[in-house]
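Visitor: I would like to go through this structure with you and hear, for each label you use, what it rests on.

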Amino acid sequence: MKQCDNGHFYDEARFDSCPYCQEGAGVGKTVAAVPGYGTGEADRGKTVGIIQKKIGIDPAVGFLICIKGPHRGEDFKLCAGRNFIGRASAMDVSLTDDDTVSRESHALVSYDAKHNRFTLSPGQGRGITYCNDEQVEVAKPLHAYDIIEVGKSRLLFLPLCGENFRWDDEEQNED
């Protein structure tokens, strides 16, 4: 992670310069990506995850660890809501070095904070998604240590949130 002069953190492997700072807007200025946003109208028109709204950050709810394939040994943070798996650098789980993974939306891992559960869904790409060697054709529950296979990559699923922990409970314990 790299920090720009305006204090934003970004992945320099994915972006040449800070994606939050717009070029040509003046040195040292950060501008809204959407006109009118950030004008004091408390998040109007902005979609914010449940956990992010409650505690002010977008914390990890689980992880995918690549155990086989070009990204072997890398880990990928999962956040509440939908996490897209694909080859494009804009994907939440970006497998850029696996040319057998669909560029966008090969698969989707979701965490539903309201019901405290994870699901795996096939994406809209051409590639087939497998979970524990079974083809995923519709959304299915995802459990600890399930193996997700996309292209040449095998990803081990490790949930953080579940029966023993959820961010809602932690917030209540602080009160």
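Guide: Let us begin with S102, which lies in the loop between β6 (93-94) and β7, where strands are DSSP runs of E of at least two residues, numbered from the N terminus. Please keep in mind that this is a predicted model, in which local features need pLDDT of at least 70 and side-chain atom pairs count only at pLDDT 80 or more, while totals for chains, interfaces and linings use all residues. Residues are numbered from 1 along each chain as its sequence is written, and side-chain values use heavy atoms, with hydrogens and water left out.

Visitor: What does the side chain of S102 reach at 3.1 Å?

Guide: The side chain of S102 reaches the backbone nitrogen of G127 at that distance of 3.1 Å, and a polar atom of the side chain of S102 also lies 3.3 Å from the backbone nitrogen of R126. The term here is polar contact, a pair of N or O atoms within 3.5 Å, where within protein one must be able to donate a hydrogen and the other to accept it, and residues adjacent in sequence count only if both atoms are side-chain atoms.

Visitor: Which residues does S102 touch, not counting those up to four places away in sequence?

Guide: With contact taken as heavy atoms within 4.5 Å, S102 touches G86, R87, G125, R126 and G127. R87 itself lies in the loop between β5 (81-86) and β6, and, leaving aside its neighbours within four places in sequence, R87 is in contact with S94, L95, T96, D98, D99, V101, S102 and R103. The C-alpha atoms of R87 and V101 are separated by 5.8 Å, although these residues are 14 apart along the chain.

Visitor: What is the order of the open sheet of five strands?

Guide: That sheet has the order β6-β5-β7-β8-β11, with mixed pairing, and two strands are said to pair if DSSP finds at least two bridges between them. In this sheet β6 and β11 stand at the edges, each with a single partner strand, so one side of each is left without a neighbour in the sheet.

Visitor: How do you know that β8 and strand β11 pair?

Guide: The definition asks for at least two bridges, and β8 and strand β11 (residues 140-141) pair in the antiparallel sense over two bridges. L120 stands opposite K140 in β11, and the bridge partner of T119 is P141.

Visitor: What makes the pair of Y111 and F118 tilted?

Guide: Rings of Phe, Tyr and Trp (its six-membered ring) pair if their centres lie within 6.5 Å, and planes under 30 degrees apart count as stacked, over 60 as edge-to-face and the rest as tilted. By this rule the count comes to three aromatic pairs. For Y111 and F118 the centres are 4.6 Å apart and the planes at 40°, so the pair is tilted; both residues are buried.

Visitor: Why is the pair of F118 and F157 called edge-to-face?

Guide: The ring centres of F118 and F157 are 4.8 Å apart and their planes stand at 65°, so the pair is edge-to-face. This pair links distant parts of the chain, with F118 in strand β8 and F157 in strand β13, 39 residues apart. F118 and F157 are buried, and Y111, F118 and F157 form one aromatic cluster.

Visitor: Which strands stand at the edges of the open sheet of six strands?

Guide: The order of this sheet is β4-β3-β13-β12-β9-β10, with antiparallel pairing. β4 (75-79) and β10 (134-135) stand at its edges, each with a single partner strand, so one side of each has no neighbour in the sheet.

Visitor: How many bridges join strand β12 to β13?

Guide: Four bridges join strand β12 (residues 147-150) to β13, and the two run antiparallel, with I148 bridged to L155. β12 and β13 form a hairpin with two residues between them, and G151 in the turn has a positive phi of about 55°. β3 and strand β13 (residues 153-159) pair in the antiparallel sense over six bridges.

Technical notes. Buried means under 20% relative accessible area, exposed over 50%, partly exposed in between (1.4 Å probe, protein chains only).
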